[in-house]
Structure formats: structure tokens, C-alpha cells
Amino acid sequence: MEDFGTPADDSAADDREVFDLCDHCGRVVAAADLLSALVPDSSALHPSDPELDGRRVLTACTVEHLAELVEYYRDRPFVLEEQWAGKVCRALAEQEDAVPLSLVARMSGLSVQQAAQGVEWHNARAREWQARYGDDAAAAAADEDEDEP
């Protein structure tokens, strides 16, 4: 949840309390009471600053919940190829046409080898998904898309 502040002409702005959710249990917590920690996470991509990729801000309602979240991320491996895959996906998100790998690498701030490894990591996860769920899941998803107005 992002807070961009209140409009300058909003006289009630000082009376409003800001809330967020506990990442562990989902409880609504006043921002003033929220606990947080910054942990390494190769799946975390910052929406606007690539220098902040690989870091996740955790929020929790209690010290116990924060400790459990931190422990979970401590045990989660940091996989560089996962992060590179995310950077490639972010770089390609607004591209309509095919883009050469060398350009993808430049757009994502990666070397060509890192971009290629990110693409392969992503494709391997897609193959795993396909092997696990098969054509039936893809057909069901296509059927749902056709049913939408």
C-alpha cells in the first residue's frame, strides 16, 4: 500500500489515520503501530528503482509475526536468475514487438549472459508449470477468457 499524501486543500487531512496490512495474518494495523523489516528476496522488484530490486519490506502487527516472516525469508534462497528473469519481464512489459536479447539486456541493466539466464530460468518455471498442470489448465484459462464480456 502506498500513501501519496492528501490533497493540499484537504482540511481534514491531519485527522486521518493511515493503515496497512500485516503480511503474516492480514490484520489491518495503524501505520504508527506497524512493525517492519527489510529482507533480501530475489523475487522482489521495485516498481521504479532497479537499484532497490532484491529487497522486500515486510510489515507485521506483532514482533512474533515479524520474526516468523523474517525467518521465512531467511530460509528462502536468493536466486540471481529469478531476479534477472523479473528484470527482463519488467523491461519487456511495455514492448509490443519482438526485441533482440542484446537490447533486452541494455533495457534491463543486465549483461547479455544474465538476460539469457533470466529468460531460461523463466522458461524452465513455465515448463514446470506446464508439466504439473498440463493442457487442461491452459484450456480452462482460455475458456474463462472467452466467457468474459
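**Aromatic pairs and salt bridges**

Tyr133 counts as partly exposed, at 41% relative accessibility (buried is under 20% relative accessible area, exposed over 50%, partly exposed in between, with a 1.4 Å probe and protein chains only). The model you are looking at is predicted, so local features need pLDDT of at least 70 and side-chain atom pairs pLDDT 80 or more, while totals for chains, interfaces and linings use all residues. Residues are numbered from 1 along each chain as its sequence is written, and side-chain values use heavy atoms, without hydrogens and water.

Let's start with the rings. There are two aromatic pairs (ring centres of Phe, Tyr or Trp, the latter by its six-membered ring, within 6.5 Å; planes under 30 degrees apart are stacked, over 60 edge-to-face, the rest tilted). Trp129 and Tyr133 are tilted, at 5.3 Å and 45 degrees. Both lie in helix α4 (residues 112–147), four residues apart, or about one turn (helices are DSSP runs of H or I, at least four residues; strands are E, at least two; numbering is from the N terminus).

Now for the charges. The whole structure holds eight salt bridges (a side-chain nitrogen of Lys or Arg within 4 Å of a carboxyl oxygen of Asp or Glu). In one of them, the closest N and O atoms of Lys87 and Asp53 are 2.8 Å apart. Lys87 sits in helix α2 (residues 80–92) and Asp53 in the loop between β3 (35–40) and β4 (55–60), so this pair ties together parts 34 residues apart in sequence. Lys87 is buried at 12%, and Asp53 is buried at 8%. Finally, Asp41, Arg56, Arg76 and Glu82 are linked in a salt-bridge network.
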